[in-house]
Amino acid sequence: MKQNTRLIRVDPEAPDEEAVREAAGILKRGGLVAFPTETVYGLGADALNSEAVNKIFVAKGRPLDNPMIVHLACLQDIELVTDHVSPGEIALMEKFWPGPLTLIFRRSYRLPSAVTAGKDTVAARMPRHAVAQALIRSLGNPIAAPSANLSGRPSPTTADHVMEDLRDKIDLVIDGGPVMVGLESTVLDTSQEPPVILRPGTVTREELEAIVGRVIFGGSDQLLGRSPGTRHRHYSPRARVTLVEENDPLAVSRLVDQYVQASKRVGVITRHSLPIEDTPMVTVRILAQNLDQFARQLFAVMRELDRMNIDEMIIEKTEEKGIGAALMDRLKRAAAR
Ligand code: TXA
Ligand code: MG
């Protein structure tokens, strides 16, 4: 399926109504539209159109057993997704929606089974981004959308990243500029007691516990079968990734020297200044010390280093508290062989 992918630029805070109507029209006719959310860009289809949803798997090269998130514009739309909402879930929705929290519900049979990849549960969230909100409202149906990357690549945080992966495979990209968060939503399974974080994100365990009491991180065994996306090979760069302790410039210098001696091209991602100069063999990217800002930059820099065809990527760890838990989750996956 080869087609010309169009790109329209909109104001991320007040998107042009005409542009949104046009995008919604494509979704209504069963097409695919990539759009910005506050976390990462999503690749959307009308969630109630199973043929359209099936196209998402093809465009992304996504394994057919990996379900996707259904995006809602308002709380009432939850009725289209599930018939079972618990008091704890209502409290979570009231506190964190619209925003980067995905909840797992028992699935309503109004939804095509392609969305849930045949599972009896469904993931749903209400995005905060004005473009995502406007698009769902204009369509009048929820939008099924995984991240708008080719399966196995980092989630896109700009429209350029979407084009890099999906050009000629989808109908339209709505360019609303760089996203605000830069990491995918927190996925919480409230069907179990205590609730399980299937994927950490910027809504932290501490914030969830303040609403529903004890919450646990899913161990890798527990994830098997439960959140297929955490089981499938996740993004790992072509380069080998080594994680180093925070603020240890000496360790980084030693590793860089060792790789350069072995004629390897090296990329370093750090949050602290280093006594290392860029050379044709060595690329250093110093990102923000602040972890929210670091999250916004991380996937873009991983893509940049990938394009440079480096052999060895050295990435500084973060603390594993708050948003650092989500960052370390993504970094460990990138470093896993
Ligand atoms: O921030 C985000 O969540 C972005 C934006 C576009 O909303 N979306 C996103 O979607 O990251 P995706 O498909 O790349 O990741 C969704 C994750 C996957 O790990 C998937 O396996 C899991 O949620 N998931 C979806 N439905 C599920 C279900 N019924 N039970 C367990 N896990 C589920
Ligand atoms: Mg994804």
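Val244, Glu245, Asn247, Asp248, Pro249, Val252, Thr270, His272, Ser273, Leu274 and Glu316 line the largest cavity. By cavity I mean a set of points, on a 1 Å grid over the protein atoms alone, where a 1.4 Å probe fits but cannot get out; lining residues have an atom within 4 Å of a point. Before going on: this is a predicted model, in which local features need pLDDT of at least 70, side-chain atom pairs count only at pLDDT 80 or more, and totals for chains, interfaces and linings use all residues. Residues are numbered from 1 along each chain as its sequence is written, chains are lettered from A and ligands numbered from 1 in the order in which they are written, and side-chain values use heavy atoms, with hydrogens and water left out.

Back to the cavity. Its volume is about 40 Å³, where volume is the space filled by probe spheres set on the grid points, joined across faces, edges and corners. Searching the whole structure gives one cavity of 30 Å³ or more. The lining has four nonpolar, four polar and three charged residues. In that count Ala, Val, Leu, Ile, Met, Phe, Trp, Tyr, Cys and Pro are nonpolar, Asp, Glu, Lys and Arg are charged, and the others, Gly among them, are polar.

Next, a residue in helix α9 (residues 249-261), namely Ser253. Helices (H or I, at least four residues) and strands (E, at least two) are DSSP runs, numbered from the N terminus. Is Ser253 buried or exposed? Ser253 counts as buried, because its relative accessibility is 17%; buried is under 20% relative accessible area, exposed over 50%, and partly exposed in between, with a 1.4 Å probe and protein chains only. Leaving aside residues up to four places away in sequence, Ser253 touches Pro275 and Ile276, contact being heavy atoms within 4.5 Å.

Now the sheet. Eleven strands make an open sheet with mixed pairing, in the order β1-β8-β2-β3-β7-β4-β6-β5-β9-β10-β11. At its edges are β1 (6-9) and β11 (216-217), each pairing on one side only. Two strands pair if DSSP finds at least two bridges between them.

Take β3. Strand β2 (residues 33-36) pairs with β3 in the antiparallel sense over four bridges, and the two form a hairpin with four residues between them. Phe35 is opposite Gly42 in β3. β3 also pairs with strand β7 (residues 143-144), antiparallel, over two bridges, with Ala45 opposite Ala144 in β7. Six of the six residues of β3 are buried, so β3 is largely enclosed by the rest of the structure.

That leads to the cores. A nonpolar core is a set of buried Ala, Val, Leu, Ile, Met, Phe, Trp, Tyr and Cys residues joined through side-chain atoms within 4.5 Å. The largest has 43 residues, of which Leu43, Trp97, Leu101, Ile170 and Leu208 touch the most other members. Elements giving two or more residues to this core include β3 (41-46), α2 (50-60) and α3 (87-96). α2 gives the most, with five residues. Another core, of 26 residues, lies apart from it, with Leu291, Ile310, Leu327 and Met328 among them.

Last, Gly182, in the loop between β8 (172-175) and β9. Gly182 counts as buried, at 0% relative accessibility. Beyond four places in sequence, Gly182 touches Glu38, Thr39, Val40, Thr157, Ala295, Arg296 and Phe299. Gly182 and Ala300 are 118 residues apart in sequence and 8.9 Å apart in space, C-alpha to C-alpha.

Methods
1 Å grid on protein atoms, 1.4 Å probe; cavity = no way out; pocket = protein on both sides within 12 Å on 5 of 7 lines; lining within 4 Å.
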